[in-house]
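Student: Could you walk me through this one while I keep the viewer open? I'd like to go chain by chain.

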Amino acid sequence: MAAPDAVPGAARAPLPGPVDEPVPPRRGSRSWTKLRSNPVALLGAALVLFFVLVAALAPVLPVADPTATDWLAVRKAPSAAHWFGTDEIGRDVLARMIWGAQASLLAGVVSVGIAVAIGVPLGMMAGYWGGWTDAAISRVTEALLAVPFLILAIALAAFLGPSLTNAMIAIGLSAMPIFIRLARGQTLSVMTEDYVEGARAIGLGHGAIIGRYVLPNIFPPILVQATLTIATAIIAEASLSFLGLGQQPPAPSWGSMLNVAKNFLEQAPWMALWPGIAIFLVVLGFNLLGDGLRDALDPREL
Amino acid sequence: MHAEHPRLLSVDGLSVRFRHHPANIVDDVSFTIGAGETLCIVGESGCGKSLTALALMGLLPKPAAQVAAGRAVFEGEDLVALDESRMSDIRGNRMAMIFQEPMTSLNPAFTVGDQIAEAVRRHRGVDRAAARGRAREMLEQARIPAAEKRLDEYPHQLSGGMRQRAMIAMALANDPALLIADEPTTALDVTIQAQVLRLIRQLQAERGTGLLMITHDLGVVAETADRVAVMYAGRIVEEGPVAAIFDDPQHPYTIGLMGSVPSLGRRSGRLETIPGLVPTPEAMPRGCRFSTRCPFAAAVCAETPALTEIAPGHRVACARAPIELRVAEDAA
């Protein structure tokens with residue numbers, strides 16, 4: 001490395017020419033304006049917000065104890081006393097739905113957060129550096145992808161021990177290979193764009209190129225994949241809970257409620273109906289919101 | 001080298017090699033550029049002119065392509081030998097590049113103003129407001145109307161000509177001593193081409209920037225160049241002042257190139273073409289690489305001809321130059 005000061009270009013010369021007139025500051029976010037004018041995305045946001053609020057407010061809402069059993073009110077249909085009915089050991093389904101929202105939303109969002117936080121950087125590294133980095137990351141990813149998603153999650157959850165936290169880690173790690181693959185492929189395609197070469201030509205380093213040129217341009221498909229994966233993760237948490245590897249009874253989650261309810265579909269269909277509707281609505285909400293975010297964040301769409 | 005231009009860049013024996021290819025794709029290329037001077041490298045697609053530019057910028061697609069030999073001394077430093085971090089301090093700062101495709105050379109995810117400001121912040125370490133002010137100033141200098149409004153627009157909201165102006169603004173934002181323009185007008189339509197060329201020339205003259213213009217368009221050469229280097233199959237075959245190259249081309253390839261330009265006047269007969277195709281790297285002939293297509297080829301062409309000065313500042317790599325004399329000798 002040459003001594004930087006010996007060379008004219010190295011010194012950080014002051015800006016040539018005076019900057020006398022003040023420049024108006026950067027205009028505000030156009031994405032937010034675009035999102036607000038998209039009614040479908042707002043519906044999605046409203047759905048997600050509703051369930052998040054319900055989950056967050058569970059401790060203060062005036063509902064019954066979700067774990068209190070009542071042997072005199074087993075599998076009662078919806079009524080004034082129990083708006084959503086009761087389950088097979090007389091617990092209030094409404095209370096269990098509200099408390100279960102916490103576990104289900106956490107499982108969906110946190111596990112996808114884990115998958116994105118680990119998978120996207122790894123995928124970008126593989127796509128950006130290529131060579132041995134890519135070979136190592138890609139081979140491991142393919143090995144993980146060879147194992148079915150749920151089997152992998154079950155194996156990891158069993159290895160980590162049964163708890164909601166471990167279930168979220170297990171689901172997140174199982175969903176991670178999808179994000180590695182997606183981020184790698186998108187990075188490879190962005191790397192062939194002239195603007196990446198342009199970024200190098202203005203002297204930007206690898207960090208700036210990855211952070212400001214690659215990441216924003218691979219973000220929209222990752223966002224859409226993430227919203228879809230939240231749905232998968234909520235259902236995976238249900239499966240793990242059913243196997244006793246997720247939310248531990250008697251604490252409720254929508255998935256575990258659904259799994260119990262399937263034994264009583266004829267006698268007590270409401271037990272399956274409410275968690276099913278809730279999962280459907282929350283997944284719909286995330287998908288609509290994700291689509292809207294993708295459109296809002298894409299500068300090419302007006 | 002002209003006396004009025006202090007030497008800015010001198011390239012000496014630059015060779016670029018691709019892995020698994022027998023012949024150098026850029027072979028023993030030497031030229032100099034003075035401050036404020038314009039050198040045009042002309043040649044057809046695949047002759048190595050763009051690779052020469054990328055090699056100078058340190059942007060060769062490594063590890064597939066490597067500089068195999070040579071030096072390129074720029075402001076006292078050999079660009080070929082510099083490490084990556086020093087190189088990226090020079091890129092966009094002392095030496096900048098404009099690319100061929102304005103439509104795809106800007107990051108679609110950020111506004112034009114942010115991208116120019118980023119180039120400034122990278123090399124000047126100024127705060128956001130100052131960088132933004134510089135970006136506006138540069139857009140104004142690039143004759144972009146409503147520069148302040150354009151700062152906050154995304155590349156897709158600009159036309160091709162506007163984008164190329166924005167690219168020029170970005171490249172010149174740090175007042176580079178050398179600007180490399182790789183076919184900057186090829187993707188633009190003809191009226192915009194003329195405007196963009198005029199803009200580059202004006203800004204260059206105002207700042208005394210050295211310009212290395214890569215093109216296959218002889219019209220661009222005639223309009224911008226002080227000196228011309230003609231490349232064929234990776235080598236410079238002829239180099240000299242623009243008037244000498246156009247009025248008195250000496251290399252058979254240059255002669256053929258000049259003959260293949262359509263003119264506005266009445267034309268007699270078909271447009272001239274050069275017979276045959278550019279040899280592939282695998283089938284590169286020994287000695288003069290043009291010999292297989294050359295109507296004047298002789299036994300002596302099996303040896304690599306050196307660039308020889310035949311008139312002040314006018315050098316040609318042809319064993320048979322000056323052609324008229326040799327042809328007359330053959331006939332006698």
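What follows is a conversation about the two chains on display.

Student: Before anything else, what kind of model is it, and how are things numbered?

Tutor: This is a predicted model, in which local features need pLDDT of at least 70 and side-chain atom pairs count only at pLDDT 80 or more, while totals for chains, interfaces and linings use all residues. Residues are numbered from 1 along each chain as its sequence is written, and chains are lettered from A and ligands numbered from 1 in the order in which they are written.

Student: OK, how many helices and strands does chain A have?

Tutor: Chain A has 10 helices and zero strands, where helices (H or I, at least four residues) and strands (E, at least two) are DSSP runs numbered from the N terminus.

Student: And how much of chain A counts as buried?

Tutor: Of its 302 residues, 41% count as buried, a label that requires 20 or more other C-beta atoms within 10 Å of the residue's own, with C-beta atoms placed from the backbone.

Student: What does the UniProt record say about chain A?

Tutor: The unreviewed UniProt entry annotates residues 101–290 of chain A as "domain: ABC transmembrane type-1", bearing in mind that such annotations may be inferred rather than shown by experiment. In the model that span is 84% helix and 0% strand, and its end C-alpha atoms lie 20 Å apart.

Student: How do H8(A) and H10(A) pack?

Tutor: Helix H8 (residues 206–242) and helix H10 (residues 270–297) of chain A pack at about 175 degrees with their axes 9 Å apart, the axes being lines fitted to C-alpha atoms over the stretch in contact and the angles running from 0 to 180 degrees between N-to-C directions. H8(A) is therefore roughly antiparallel to H10(A), the term used for angles over 145 degrees. Residues making the contact include A:Phe219, A:Pro220 and A:Leu223 of H8(A) and A:Ile279, A:Val282 and A:Phe286 of H10(A), with contact meaning C-beta atoms within 7 Å.

Student: Switching to chain B, which residues does its annotation cover?

Tutor: The unreviewed UniProt entry places "domain: ABC transporter" at residues 11–258 of chain B, a span that is 40% helix and 25% strand in the model.

Student: What's the strand order in the eight-stranded sheet?

Tutor: That open sheet of chain B runs S6-S7-S8-S3-S9-S10-S12-S11 with mixed pairing, where two strands pair if DSSP finds at least two bridges between them. Its edge strands are S6 (95–98) and S11 (308–311) of chain B, each pairing on one side only, and the twist averages 20 degrees from one strand to the next.

Student: In what sense do S3(B) and S8(B) pair?

Tutor: Strand S3 (residues 38–42) and strand S8 (residues 210–215) of chain B pair in the parallel sense over five bridges, and B:Val42 has B:Thr215 as its bridge partner in S8(B).

Student: And the four-stranded sheet?

Tutor: There the order is S2-S1-S4-S5 in chain B, and the pairing is antiparallel. Strand S2 (26–34) and strand S5 (77–78) of chain B each have a single partner strand, so one side of each is left without a neighbour in the sheet.

Student: Last one: is B:Arg134 buried or exposed?

Tutor: B:Arg134 is buried, with 25 other C-beta atoms within 10 Å, and this residue lies in helix H4 (residues 128–141) of chain B.

Note on methods. Buried ≥ 20, exposed ≤ 12 C-beta atoms within 10 Å, placed from the backbone. Parallel < 35°, antiparallel > 145°, perpendicular 65-115°, else oblique. Contact = placed C-beta atoms within 7 Å.
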